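Q: I have a model open and want to go through a few of its features. Can you start with a helix?

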Amino acid sequence: MIQEPILRMKNIVKKFPGVVAVDHVDLTLNRGEVLAILGENGAGKTTLMNVLYGLLRPDEGEIYIEDKKVSHHSPIDAIRNGIGMVHQHFTLVEDLTISENIILGLKEFGFFIDMKKITREIEEFAGKLGLKINPNVKVWQLSAGEKQKVEILKALFRNPRILILDEPTSVLTPQDTKELFKAIRKLKQNGLSIIFISHKLEEVLQIADRIVVLRRGKVVGELLRNEAEPRLLAELMVGREVLLEVKATPKAQVGEVILEIQGLEALGDRGNLALRGVSMKIKSGEILGIAGVSGNGQKELAETIYGLRKPTRGKIFFLGRDITKSSVLDRIQLGISYIPAERLKYGVVGDLPLYENAILTRIAENQIINSLPVVPPSLRPMNIKVIEKFATDLISRYSVVTPSHKTLVRNLSGGNIQRVIVGREIDRKPKLLIAEEPTAGLDIAATEFIREKLIELKNNNCSILLISSDLSELLSLSDKIAIMYNGEIVGAFKPGELDIDDIGLMMSGYKKMLRERIDLYWA
Amino acid sequence: MSLELVQSIIGLGLAMSAPVAISSLGEVFSERSGLINLGIDGIMLMSAFVSFHAVFLTGNIFVGYLLGIATGIMLGLLLGFFTVILRFNQVVAGMGLYFLGFGLSDFLYRALYADKIVFIPKTSTLRIPLLSEIPLIGGALFNQYPGVYLMFILTGIMHFILYYTRVGLWVRALGENPRACDAAGINVTLYRLFSLALGSALAGLAGAILCLEITGLFYENLTYGMGFIAIGLAYFGKWNPSRSLVGSLIFGVTWSVGISLQDIFIKIGRPEMTYFMIMLPYLAVLLSLLAISRGARPPASLGKPYYRE
Amino acid sequence: MTLVFREREVSLAHILILPLLAVGVAFLAGSLLMIWANVDPLVGYASFLSGSLGGYVQVTDTLLRTTPFLLMAVGIAFSNRSGVLNVGAEGQYLMGAIATTATALYLQSVGINPVVVLIISVIAGATAGALWASVAGFMKAYFEINEIVVTVIMNWLALKIMQWLLRGPLKNPLSQMWPMSPPVGVKLPIILPGTRLHAGFILALVIALLTHYILFKTKTGFMVRVLGSNPNAAKYSGLPVKKLIVFSLAYSGALAGLAGGIEILGVFHFLYEGIAVGLGYTSIIASLLGRNNPVGIIGSSLIFGMIYNGTVYLQSATGLTYTFSKAVEGLIYIFFMLFTILILYEVKLVVKREES
């Protein structure tokens, strides 16, 4: 079969402050093929596609469609050039019907909308693709899988030559995924060229003709389907150097069970089931690492344990107490701490000075208020000396770079904000620390320091739930590691028991451990 | 309670509902696109003054209405400049428009007319031939000021535009998910400005109606917060033009009941009860807000400025 | 073509200049209005300045006018800090005035010691304002109903209640002219002999400073500020969000109610419709100008005190009415917004270039 390129992206570079998201990438798409772009979160896949679709301007590089050079200033240009995109996050208007969403932005229908005619057209259109839908249903009533179908219909309705699917199966059930793949194959037969972005190995192997692997903004591999071998792909995705950086840590003196989760289920922000029955136990003095590509339920797990998200099913026990319905304040006072991945959203108040942020989660403690007779506690002056001491201690111990402890947090760099949050939560001496990406964005010295702190906490009988996309960090710090994929724990092991390829395979859903074997780790 | 009294209550009630309903209609439309316009009371005041002055100078009612609408559009675009283009906080900017309209309209009146109360000829009622002969309600319904007819016609038109045209679909989508609209190629800025201008034009019309049909004169704070009631009615109507019309009618009729019973209260020696009755429409709106709030969900992007990330 | 914003680093100088600039330019625009109304702006502003600051009596009168603004604006600033907009200060002010009048009249009639009457009436005013505002607070916290809509409606309710009471239960049987209540005998003590300046001014200052203390030095104020700045972080820190919302509105209402009570006991000495002149709305502008900081508001409310006092003299000198001050208020607001954007943000026009 002659490979005929329909799209060529040459030497694309896209930078954001502090990071090169796409680093001199060349990409070719051939007519009538399914090209998969494989990579972890942050590898640059979505950024690259946003450049193609006109949502971002590249800093360098050129794009050619059917050998004609194009420049996309906004999605309208991309749509006009025959590119359709189904985004990772839904761009549907929940309050409108399916038909209304599909025709959104189209000018062909004139001033007055003849809903009956449009509905008929859409039903026909969907039928040709083998999809049966009722176009008059409002989108908020649909399941995640059905919404995905509407998104695809919407993109196809504009008659593209190239269709980009960005992590299309992230909220789909296996059944939905099968249907999706059937549709993709049909579209391919009809001459559509497709780019399929994913971090899921087994799906990529099922559907792709060619596979490109991205890591840290660079292309690290390009293979045909028949050349691709799961282990090889996993290694490319995750990186072999990981093994070389692992240091051994002293094993824990493990005590009683601090946290127990039974069958936890919770919904994600998009209405999908983000946690699908997670069970685990953490003992005091233990670091339990959660490995996996981010977006597989880790964030929801952390939020549910901390109390920011309500589980739909299941129970959470802390030191034997059922805290499933407890408030965040209760959990803080019981000794649970959380370092959130979304630091600016949850972890700090940017408009307030550093010393006030340093006590954000500690306001229930008595020592921060001066003792004063008669006056009720909430109206007594806060003990500035104590608070400033917390702050200056934190600054010096965690090497926060800041003009003073009075500086507003929004004027600090991201890395320093991270240090403030980490310092605050660790210094609270919690019984359970949920640490989500604690060293992300930090330099080596800071990373080392925080890792030491975590070990120190562990030695003081604190338990740590360590969620990280840095595999080497997990391997060197954790006593046990659980791998999360698609809202479930698909594997558990102690560092050293599994080799890197197996880990990569489980992280990308290609392999799964038996339930009984996983449960052994919680014994 | 004579038949004539009932008729006059309904008649007056409908006339009173017109300005509230029309400005509420405008607010519903703007809010549907995600913009909250707290300044419509100020717009109504300015347009009331402008239409008053125009009629005083020219004697032509149409000029009065037209200039009132034009005032609304201009002020709406001014607000749009701050909120849509500069992405300034909509609540703060809206209150500013209110203060501006309030102060400027009053100042201009005083500067031109000093402390005099000046009457202008009110718009005459339009009598619809056959229908107004209907016994009982014919007079009240079909021998009415143009504002009343406009109230019903415009509600129908806005309802149609919002739910049956492409423009209305874009506006509704904007209010819920501007990012999706941007990704679909809709010009967010343009459509938001348009909906704000249209909403303000209606507020301007409402102000003109208030002055030219109901009061026939202008004084400080002529609207007495009617613009804010209109905003409340938009909530009450759950951002549906027809439903907010119902709320406006309730408001107008309860107001009219209070005024009309004034003579009766004076007769029974309790004149202050009129004021008690006048409280009713406001109380009614408040209670109804509470009653329907459980199910009410405003347009998701209401009040949030849109930036393309 | 789009406008791109970037927040600029602001120094204290920037923050101080902003309100002064807004006021200055507004006055300049005001002089344009004066010219248009055939008034000589120099004459106008001369009488304005001499009237507001020109002498011992004038200055104390200005301080007198400042008092209600100070109280209400500080209260509004407090609730602004929690992210709740209290547009209902006007209604809370009226309810406070009503409660104070009614309480004072009743307690007087049973012969209670005047000092005690004073204290209890003042407390009644604050309580009435707090309760009135709490209604909106509950509706927002527990039903998610927009507080602006509720508070504005309650403003009009308060006005109607007052109008009803003045013609009914609170009516002065002796008055023939406009509806008013019987005179309230207790008065706030005058603190500067020979002037009209009463103790309410001191009380307002004390409360402003107290509010500053609460906001910036106590745990309560800290929680309020966190909630207003970042509601997500408030949830993350386990703060009692709903209770904070109700509390901040209640506090704001209490101060507005107090303002109403003080005006009755210190200035008017009876209740009548003329006390409702939109002070509650103007206080919103004062809180904005004072950047939601009680100390800053001492300054910004002084400006409004000057405006309200000075324009009386302006009026008699030029024939313009007090509503000129309303127009200037609106202008100050608009210019404040404009200058906020210009000074605090660097606005760049980014023109996309078409690639050839």
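A: In H8(C), the buried residues are C:Thr220, C:Gly221, C:Phe222, C:Met223, C:Val224, C:Arg225, C:Val226, C:Leu227 and C:Gly228. Buried means 20 or more other C-beta atoms within 10 Å of the residue's own, exposed means 12 or fewer, partly exposed is in between, and C-beta atoms are placed from the backbone. Helices (H or I, at least four residues) and strands (E, at least two) are DSSP runs numbered from the N terminus.

Q: What kind of model, and how do the labels work?
A: This is a predicted model, where local features need pLDDT of at least 70, side-chain atom pairs count only at pLDDT 80 or more, and totals for chains, interfaces and linings use all residues. Residues are numbered from 1 along each chain as its sequence is written, while chains are lettered from A and ligands numbered from 1 in the order in which they are written.

Q: How many residues of H8(C) are buried?
A: Nine of the 11 residues in helix H8 (residues 219–229) of chain C.

Q: What covers them?
A: The cover includes helix H12 (354–357) of chain A, and from chain C helix H3 (56–81), helix H7 (199–217), helix H9 (231–236) and helix H10 (241–268).

Q: How many residues does each chain put into the A and C contact?
A: Chain A gives 25 residues and chain C gives 19 residues. Two residues are in contact if their C-beta atoms, placed from the backbone, lie within 7 Å. On the chain A side, helix H10 (328–334) and helix H11 (343–347) each supply at least two residues.

Q: How many bridges join S11 and S12(A)?
A: Eight, in the antiparallel sense, with S11 covering residues 257–267. A:Ala266 sits opposite A:Leu275 of S12(A).

Q: Where is A:Asn11, and what is its phi?
A: A:Asn11 lies in strand S1 (residues 5–16) of chain A, with a positive phi of about 55° although it is not a glycine.

Q: Why does A:Asn11 count as exposed?
A: Because A:Asn11 has 11 C-beta neighbours inside 10 Å.

Technical notes. Two strands pair if DSSP finds at least two bridges between them.
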